[in-house]
Amino acid sequence: CRSQNTLQPGLKEKIAMFCHVAPDKVISVYDCTSIYRVPLLLESQNIIPFFTERLGLEMKSPPAQSLLSQWELLAERHENVKDEVKIALVGKYTKFEDSYMSVTKALRHAALSESKLLTIVWIDSANLEDEMLETDAPAYYEAWKKLSSCSGVLVPGGFGVRGVEGKVAAVKWARERMVPYLGVCLGLQTGVIEFARNVLGWQDAHSQEFAPGTTHPVIIEMPEHNN
């Protein structure tokens, strides 16, 4: 039963009566300080033995106490981290943050494992491109100001050519300043493109997808996908 506060015995009995279940089968899932507290809350109300018996499950042994202890440490760490780390997420769809849900969740768990309080700095990759300086200078300078404030850069996947040069610019900024960089999918491709252009000297290095006529196709399309 979801609630803001823990259910008192009298209210549990009333719910049990109207739902035709025993009072000890009314599980109180009240608001916790974080989502990591919920499994511990459920375990404290003996939900594992209940489902084991109710569903006829064969459990040779209950979850190891060490596992629950580790989970409790995780919950405490989540609530007490104060050392901030700012990571720039340079993408095309930053107005729709749910587009990068799997990436942001992975970042948050990675930061948590290092006892860091993660702050994601969202940057539209198109705003880092030189053309933006002429069409919208404030957006251009703001994007570069945000990038310069970060301790790491992550460029996720995406589709189409829009914003690609901005991603390449972010890669170049990170490489030259030895700022940690992680490229995922298209982000890895732009990393290869930037290195080929600015380290190997292949000025027109690009992906065949975006520049079919390039003399240095450092990223090629997979024939088996095209067929």
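**A patch and its surroundings**

Author: Let's start with Phe51, Leu55, Leu57 and Met59, which together make a nonpolar surface patch of about 380 Å². A patch here takes residues with over 30% relative accessible area and no salt bridge, joining like charges within 9 Å and nonpolar side chains (Val, Leu, Ile, Met, Phe, Trp, Tyr) within 5 Å. Areas are Shrake-Rupley values with a 1.4 Å probe, and for residues only the protein chains shown count as cover. A salt bridge means a Lys or Arg side-chain nitrogen within 4 Å of an Asp or Glu carboxyl oxygen.

Keep in mind that this is a predicted model, where local features need pLDDT of at least 70 and side-chain atom pairs need 80 or more, while totals for chains, interfaces and linings use all residues. Numbering runs from 1 along each chain as its sequence is written, and side-chain values use heavy atoms, with hydrogens and water left out.

Now zoom in on Leu57, one of the patch residues. Leu57 sits in the loop between α3 (47-54) and α4 (65-80); helices (H or I, at least four residues) and strands (E, at least two) are DSSP runs numbered from the N terminus. With a relative accessible area of 44%, Leu57 is partly exposed, a label for anything between buried (under 20%) and exposed (over 50%), again with a 1.4 Å probe and protein chains only.

From there, hop over to the loop between α1 (9-19) and β2 (29-30), where you'll find His20. His20 has a phi near 60°, a positive value in a residue other than glycine, and the residue is exposed, at 74% relative accessible area. Ser115 has a positive phi too, near 55°, and isn't a glycine either. You'll find Ser115 in the loop between α5 (101-113) and β4 (117-124), partly exposed at 36%.

Back in the loop between α1 and β2 there's also Ala22, which counts as partly exposed with a relative accessible area of 35%. Ala22 is 47 residues from Ser69 in sequence, and their C-alpha atoms are 30 Å apart. Ala22 is also one of the residues touched by Ala16, along with Val21, Pro23 and Val26, leaving aside anything up to four places away in sequence; touching means heavy atoms within 4.5 Å. Go out to His216 and you're 200 residues from Ala16 in sequence and 71 Å away in space, C-alpha to C-alpha.

What about the charged side chains? The whole structure holds 9 salt bridges. In one of them Asp31 pairs with Arg2, and the closest N and O atoms are 2.8 Å apart. Asp31 is in the loop between β2 and α2 (38-44) and Arg2 is in strand β1 (residues 2-3), so the pair ties together parts that are 29 residues apart in sequence. Asp31 is partly exposed at 40%, whereas Arg2 is exposed at 56%.

Another salt bridge joins the side chains of Asp83 and Lys116, 2.5 Å from N to O. Here Asp83 lies in the loop between α4 and β3 (84-91) and Lys116 in the loop between α5 and β4, so parts 33 residues apart in sequence are tied together. Asp83 is partly exposed at 42%, and Lys116 is partly exposed at 31%.

Then there's Asp124 with Arg162, a salt bridge at 3.9 Å, N to O. Strand β4 holds Asp124 and the loop between β5 (152-155) and α8 holds Arg162, so this pair ties together parts that are 38 residues apart in sequence. Asp124 is buried at 18%, while Arg162 is partly exposed at 42%. Lys172, Glu176 and Arg177, for their part, are linked in a network of salt bridges.

Last stop: α8 (residues 164-176) packs with α7 (residues 137-148) at an angle of about 35°, their axes 11 Å apart. Axes are lines fitted to C-alpha atoms, for helices over the stretch in contact, and angles run from 0 to 180 degrees between N-to-C directions. On the α7 side, Trp144, Leu147 and Ser148 meet Ala169, Ala170 and Trp173 of α8.
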